[in-house]
Amino acid sequence: MSAPKYSEGRLASVLLAPIVSEKATQVAEKHNQGRCKVRRDATKPEIKAGVELMFKVEVESVNVVQ
């Protein structure tokens with residue numbers, strides 16, 4: 001099964017802003033994870049594809065907190 005295709009414009013608009021806090025920095029350093037605000041209507045596969053497109057990294061998993 002191939003990965004779904006998303007438009008680059010949609011993926012560029014999924015990520016809104018990084019979350020910069022002391023806790024987010026500690027998590028990033030300890031667990032090699034990043035945190036950011038995303039659109040409410042974004043799906044996990046879209047978030048994954050958006051992060052991979054913007055930061056040229058491979059995303060293992062996506063966790064969403066509302």
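A residue counts as buried under 20% relative accessible area, as exposed over 50%, and as partly exposed in between. The legends below apply these terms to a predicted model.

**View 1. Overall fold of the predicted model, with three helices and two strands.** Read from the N terminus, the elements follow one another in the order α-β-α-β-α, and the C-alpha trace spans about 35 × 25 × 20 Å along its principal axes. Of the 66 residues that make up the protein, 20% count as buried.

**View 2. Arginine 10 and its two salt-bridge partners, aspartate 41 and glutamate 46.** With a relative accessibility of 21%, arginine 10 counts as partly exposed, because the partly exposed class lies between the buried limit of 20% and the exposed limit of 50%. The side chain of arginine 10 meets that of aspartate 41 in a salt bridge with an N to O distance of 3.6 Å. This pair links distant parts of the chain, since arginine 10 belongs to helix H1 (residues 8-14) and aspartate 41 to the loop between S2 and H3, 31 residues apart. The side chain of arginine 10 also meets that of glutamate 46, here at 3.0 Å from N to O. This second pair, too, links distant parts of the chain, with arginine 10 in helix H1 and glutamate 46 in helix H3, 36 residues apart. Glutamate 46 has a relative accessible area of 9% and is therefore buried, whereas aspartate 41, at 46% relative accessibility, counts as partly exposed.

View 3. The structure holds three salt bridges, one of which brings together the side chains of arginine 39 and aspartate 41 at 3.0 Å, N to O. Arginine 39 has a relative accessible area of 30%, so this residue is partly exposed. Through salt bridges that share partners, Arg10, Arg39, Asp41 and Glu46 are joined into one network. Side chains of opposite charge can pair when their charged atoms come close.

**View 4. Serine 21 set against arginine 39.** Serine 21 lies in the loop between S1 and H2, and its relative accessibility of 31% means that it counts as partly exposed. In sequence, serine 21 and arginine 39 are 18 residues apart, and in space their C-alpha atoms are 20 Å apart.

**View 5. The largest pocket and its lining.** Rolling a probe the size of a water molecule over the atoms shows where empty space is left. In the largest pocket this space amounts to about 1,200 Å³. The lining consists of 29 residues, and those nearest the centre of the pocket are Gly34, Arg35, Cys36, Val62 and Asn63. Strand S1 (15-18), helix H2 (22-31), strand S2 (36-38) and helix H3 each contribute at least two residues to this lining. Sorted by class, the lining of the largest pocket is made of 16 nonpolar, seven polar and six charged residues.

**View 6. Asparagine 32, a residue with a positive phi that is not a glycine.** Asparagine 32 is found in the loop between H2 and S2, where its phi is about 55 degrees. Most residues other than glycine have a negative phi. With a relative accessible area of 74%, asparagine 32 is exposed, because this class takes in values over 50%.

**View 7. Lysine 56, in the segment after H3.** The phi of lysine 56 is near 55 degrees, which is a positive value in a residue other than glycine. Lysine 56 has a relative accessible area of 67% and is therefore exposed.

How values were computed: Residues are numbered from 1 along each chain as its sequence is written. This is a predicted model: local features need pLDDT of at least 70, side-chain atom pairs count only at pLDDT 80 or more; totals for chains, interfaces and linings use all residues. Side-chain values use heavy atoms; hydrogens and water are left out. On a 1 Å grid over the protein atoms alone, a cavity is a set of points where a 1.4 Å probe fits but cannot get out, and a pocket is an open set with protein on both sides within 12 Å along at least five of seven lines; lining residues have an atom within 4 Å of a point. Grid points are joined across faces, edges and corners, and a volume is the space filled by probe spheres set on the points. Helices (H or I, at least four residues) and strands (E, at least two) are DSSP runs, numbered from the N terminus. Ala, Val, Leu, Ile, Met, Phe, Trp, Tyr, Cys and Pro count as nonpolar, Asp, Glu, Lys and Arg as charged, and the others, Gly among them, as polar. A salt bridge is a side-chain nitrogen of Lys or Arg within 4 Å of a carboxyl oxygen of Asp or Glu. Buried means under 20% relative accessible area, exposed over 50%, partly exposed in between (1.4 Å probe, protein chains only).
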